[in-house]
Amino acid sequence: MNKALKNAGGASVDGRLLLSMHRTMLRIRHFEETIRRLAASGAVPGLVHLCAGQEATNVGIIAALEDRDFIASHHRGHGHCIAKGAPVEGLMAEILGKASGMCGGRSGSMHVIDMERGNLGTNGIVGGGIPLAAGAALAARARGSDDVCVCFFGDGALNQGLLHECMNMAAIWKLAVVFVCENNGYGEFTAIDDVTAGPSLPGRGEVFGIPSEMIDGMDVQAVYAAARKAVDYARAGHGPSFIICNTWRFGGHHVGDKQEYKDDEETRAWRLRDPLLRSAKALSAAGIVSEEAIAQMEQDAISEMAALADGVRNGSEPAAQTLLEHVYG
Amino acid sequence: MAKPSHAERLELFRRMLHMRRFEEMVIRLAQAYEYTGRQHLHIGHEATGAAVAMAMRAGDKIHTTHRNHGYVIACGADPGRAFAEIMGRRDGLNGGKGGSWHLCDAERGFQSTSAMVGGSIALAAGAAFALKLAGSGNISFAHFGDGTLDEGVAYESLNIASIYELPVLFVCENNSKAGQRPSSMLAAARLQDVPAALQIHCELVDGADSDAAQIAFQKAADRVRETGKPVFIEATLERWPGSHQVKAAFPTGVTDLSLALNLDKVEGKHADWIKQSDPILRATRALIKDGVSDLVGLLEMDAKVNLLMEDARSFAEASPFPDASVAFTGVFAS
Amino acid sequence: MDESRLMNFRDAVLEALFLEMRADPNVILVGEDVGAAGGVFKQTQGLFDEFGDRRVIDTPISEPGAFGMAIGAAMSGMRPVFEVMFGDFMTLCMDQLVNQAAKVRYMSNGAARVPLVLRTTMGTGANLGPQHSQGFYAWAAHTPGLKVVIPSNAADAGGLMRAAIRDDDPVLFFEDRLLYNSSCEIASGLPIVPIGSARIVREGRDVTIIAIGRMVAFAQEAADRLAKDGVDVEIVDPRTILPLDEATIVGSVKKTHRAIVVDGAPRAYGVTGEIAATIMEQAFDWLDAPVMRIAAVNAPVPVSRSLEPLVRPDANTIENAVRAAIA
Amino acid sequence: MPQMNLAEALIDGLIWSLRADPRATIIGRGIAGHGPEHAAEDRLKQEFGSRIIDPPTSEAAVAQLGTGAAMAGARPFVHYGTAVFAYEAWNQFINEAANIHYMSNGQLSAPVTFHLFHGIRGGGGPQHSGSPYAMYANNPGLEIVLPTSPRDAKGLMRSAMASNNPTIVIQNAQLLGLTEDVPAEDYSIPFGKAVVKRDGRDVSVIACSRSVIDALEAADILEKEGLSVEVVDIRTLAPLDVDTIVASVEKTGRMVAVDETYEICGVASELIASVVTRAFSALKTQPVRVGRPMTPVPFSPPLEAAVNPGTQKIVDACRRACKR
């Protein structure tokens, strides 16, 4: 159980860690599946953006962090919250706008903030989390602490001036930030190639002297290995890194998006690269756990999430008299 | 491209002299009138500005930053109306509403000067977009300083110019000083690395060398016209010691062309700048050395320019302040 | 033993920064040229020498990124004072201000907070033109989650800055550059002035002038002139626009039965409209005349020396308005 | 006369504008939203596909792309899906587009149209429900247009595209499905003309955008109580037609100002301040404001409903104004 694994990319991950990452990915997948069903039944107010397909980037990166470290997420951020340890019932309740939600029904899917676990929040503004993450790193520097902060953003944010500004400042001040682009090929409904200039995406970080690499975001071991390196580099005071994880969202931009802009062939090819299939295969091939045990893990995740759905759906709505609370302290 | 002809070199120098004598007069006006607004003088940048202006054709557009006086003069604006604007007078280029920071002479393609850092670069991309739509074959020019690349909007605009193949020439005047506190805090090793990462063709030129600048900007503008794609030029400049004027003054003295042949006589705190970095003196030497003109000829030209500036000053001084009622007009176009 | 001192506006705010930075190691200063350069208006001189580059941080010209970063630092335990050189550049920070800073506490149901001061300069009178003179506090006051402070004198400026730094919510602190050299007596220790309390600058019976920031001084000048003709003017300085001390304002109007609201920023959809509407809603039956508004005209701020002063009110316009109101 | 929903009418106005002026160009997509009315955009794509570009997520530069192009002779229409995203382009709207005509003393103008969706839209939460138009209107140099019916949407869009000024057409997204007969031919509706949507005797409700629809509903309810409510739609925030509003208030003697945005420094405050100054002596009771309370828009449906200044709050305000 404790033996080291080697995958095709050469990344090696401790067996127990891989198992735990696989379990977290399963929980995210089935959490999202539950939300999808709830949304389809009309139980979710507003728009909801699911991350199914991108679990490896969520989990592989956050597995390299310690509890005290920070993350800042984006609108497709349920997986980040779960990987950082958010209680799934509270998260689900928040997405449904319930009183028992992590933010009392104020934030919904796009603004879940979990300060207790160093999560600066999912964010409704493209690129909005980037300076928040850099700020957490600035605060760590001012405190003299070696806490690290990861900021997640999508490929759409690559063309935001904020990213350019924050990479520059993180570089000149050697802030402990890891910039993680989850590149799923589409910013909302627009293909990345149509709007993103330049010969190479890592080049956008390299300009500032930031170590930058593009990796397979469907391989949790490769993601973890890149994150381990970047987090250690940041913690040692060397400054920021930039990781571009090529990945794919199995769903649309939001639940209900018909995805007419995507090519069917491409979609099928990415489906075959499902990060869960890949880690399951690695686990059983290395003899860490049996296939039956892996299947059981999946069943457990399904049951865990499905069991929550009804209770959360029937949970009480926040009382109107709480409306004005917490505008100010 | 062919080396510029003697006539073209003289024309460039003539424009540079206009720019220099204009700014010197601005200093005198500021001394005389205790003018309270601020201005950012373009002294030391004349070779770049004149070369850009000469690369422009009728119908081209330019957007600049607040260090704009030189450009508007190089583009051929009436210096009297420019002085009047800086003094907030009725006959100013903008009728007194814009002032030093927002000079505008749309007839000459001098679109606007934005005092918001990053403003000019994005507006020029927009102008290029319109020119491309109109299919006129015209191009636009964006003038900005090295600090502009710190701004996210600059990065966004470069990306957009690259993906849409907009005909815009980005003119970056880099006057940051190595070893001093930089005006630019960019982590990039070279300014050009930013546009290069976005697949924009880049060139570097010594911005104080008028011959080099004239060739480089002409070539770059030709390239933008031919390919329809953006080009980025970084012009390196040594900052003029009076660049940030709190009190109007002549830290390097009033320009004296004859010093070009007597550089050993130059002394004082800023001797290095005068000897090595003043584009006017450098051009004077080169023109004489290459036999394009002699000192007497250049001094004659200079005397004419000085007279012109005196007249322009008188014009501006005679211009009254605008009538109060116009403060409230022109907010909206009709 | 408590000796007061004569101090100008700029120095009072600077002293507030020294006091608060000494008292709390989490207070940091972030902005363009705030460090070794000491600020473009000499408003941060000496801070860098005492507190060093970890706490006095010079940023690139990257307002959105740097301000967003200050918000992130505030969420993570710091108390940043973020400086925007000209209030006009606040436009560059709007997304961070409205979509992040103002909402974080509410969105997190109180779990996260943004104790931050955005300090910026504004004001007409220096011929700086349309992009360097604007006062944008009406937008901020239209944004729940923010607090908006506009001091009119040195003592309030110092005292309110101390309160702003100690506040657990984002506070916008607008400083009129034309007040920087104006001095007043300040009590020893630079007393804290609470946010949200108006000050009655001058008591009177005939008419209430509610004046914002630098307009207070113009109102005083007008009141002095009017007093010679037996007109007794009361002046209220709200000091804080959000939260607005409605009780003091409405109370004063109920006493005088007439109100004039004076502001140096544009009238349309601005602070004068807000205060006028509040008075008309809450003191309608006490009013002998409609509330008058005097504010900047609906035009950008021109540079010209002859045009610029016409844009905003001064002592003459206020005096004329009072005479019209009591006629 | 064909029936159109508001989204279709908006697109129709744009199509007429593009037909009329070859300099007109479209930057952005999703102009008819992403809701059930989104297909309205297809007509535009079919006829003018080559004049539409789809920009990167670079709000600031895209605003400036439109403004710079307008200054150089184009007539761009720039679409931002959600008004709050345009906070990132605030500087470009306020410091560049709004100022340029004045600063240049009329040498240049910026005939650019910015199109935004605003408002409480159902689950939009704190960052997607913003209505920043009062903030825009605080700034000189911008025209602010808020269509509330398909007919208005078409005619006002046509005026926006023909205007020589930077114009912000800011549309409550929940109104996109409103349907009525709309003239098929080309027409425009001028800015600065408020419209009396419903005649009444007892109280004037002055409203804009979504609140106009809510006010009309409130008027129906109050009619049954014997209260006759006049409803005025101001249609453009800048220029503001104070004359029409004053005339209405002088007629009824009572005023309720309603707007979906925040009360403080919002539209309702400005309406009261500017109208009451002129109609003070005609007023029988104090004016009443109805606006969004000062909290971010919460996500949860019952909380969201509590911040929306909807029909019931307008009914209550009218009763208060009439001392009932």
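## Helix crossing in chain A

In this predicted model, H1(A) and H12(A) cross in a right-handed sense. A crossing is left-handed if the near helix is turned anticlockwise from the far one by less than a right angle, and right-handed if clockwise. H1 of chain A covers residues 15–40, and H12 of chain A covers residues 291–313. Their axes lie 9 Å apart, at an angle of about 35 degrees. Axes are lines fitted to C-alpha atoms, for helices over the stretch in contact, and angles run from 0 to 180 degrees between N-to-C directions. Helices (H or I, at least four residues) and strands (E, at least two) are DSSP runs, numbered from the N terminus.

The H1(A) side of the contact includes Arg23(A), Leu26(A), His30(A) and Phe31(A). On H12(A), the partners include Met297(A), Glu298(A), Ala301(A) and Arg313(A). Contact here means C-beta atoms, placed from the backbone, within 7 Å. By class, this contact has nine nonpolar, two polar and five charged residues. Ala, Val, Leu, Ile, Met, Phe, Trp, Tyr, Cys and Pro count as nonpolar, Asp, Glu, Lys and Arg as charged, and the others, Gly among them, as polar.

## Numbering and confidence

Residues are numbered from 1 along each chain as its sequence is written, while chains are lettered from A and ligands numbered from 1 in the order in which they are written. Local features need pLDDT of at least 70 and side-chain atom pairs count only at pLDDT 80 or more, but totals for chains, interfaces and linings use all residues.

## Chain B and its partners

Chain B meets chain D through 37 residues, against 34 of chain D. E1 (61–64), E2 (110–113), H5 and H6 of chain B each give at least two residues to this side. H5(B) supplies the largest share, 12 residues. The B side counts 19 nonpolar, 15 polar and three charged residues.

Toward chain A, 19 residues of chain B contact 18 residues of chain A. H6 (152–163) and H7 (193–197) of chain B each provide at least two of the B residues. H6(B) has the largest share, with seven.

## Nonpolar cores

The largest nonpolar core holds 446 residues. Such a core is a set of buried Ala, Val, Leu, Ile, Met, Phe, Trp, Tyr and Cys residues joined through C-beta atoms within 7 Å. Buried means 20 or more other C-beta atoms within 10 Å of a residue's own, exposed means 12 or fewer, and partly exposed lies in between, with C-beta atoms placed from the backbone. Among the members touching the most others are Val177(A), Ala125(B), Tyr137(C) and Cys318(D). H5(B), residues 119–134, gives the most to this core: 11 residues. A second, separate core has six residues, including Ile120(D) and Leu303(D).

Leaving aside neighbours within four places in sequence, Val177(A) contacts residues including Ala133(A), Cys149(A), Cys151(A) and Pro240(A).

## Strand E6 of chain B

E6(B) spans residues 231–236, and five of its six residues are buried. E4(B), residues 168–174, runs parallel to E6(B) over six bridges. E5(B), residues 201–206, also pairs with E6(B) in the parallel sense over six bridges. Pairing requires at least two bridges found by DSSP. Val231(B) stands opposite Leu169(B) and opposite His201(B).

## Phe328(B)

Phe328(B) sits in the segment after H11(B) (295–318). Phe328(B) is partly exposed because 15 other C-beta atoms lie within 10 Å. Not counting residues up to four places away in sequence, Phe328(B) touches Val297(C) and Ala299(C).

Note on methods: Two residues are in contact if their C-beta atoms, placed from the backbone, lie within 7 Å.
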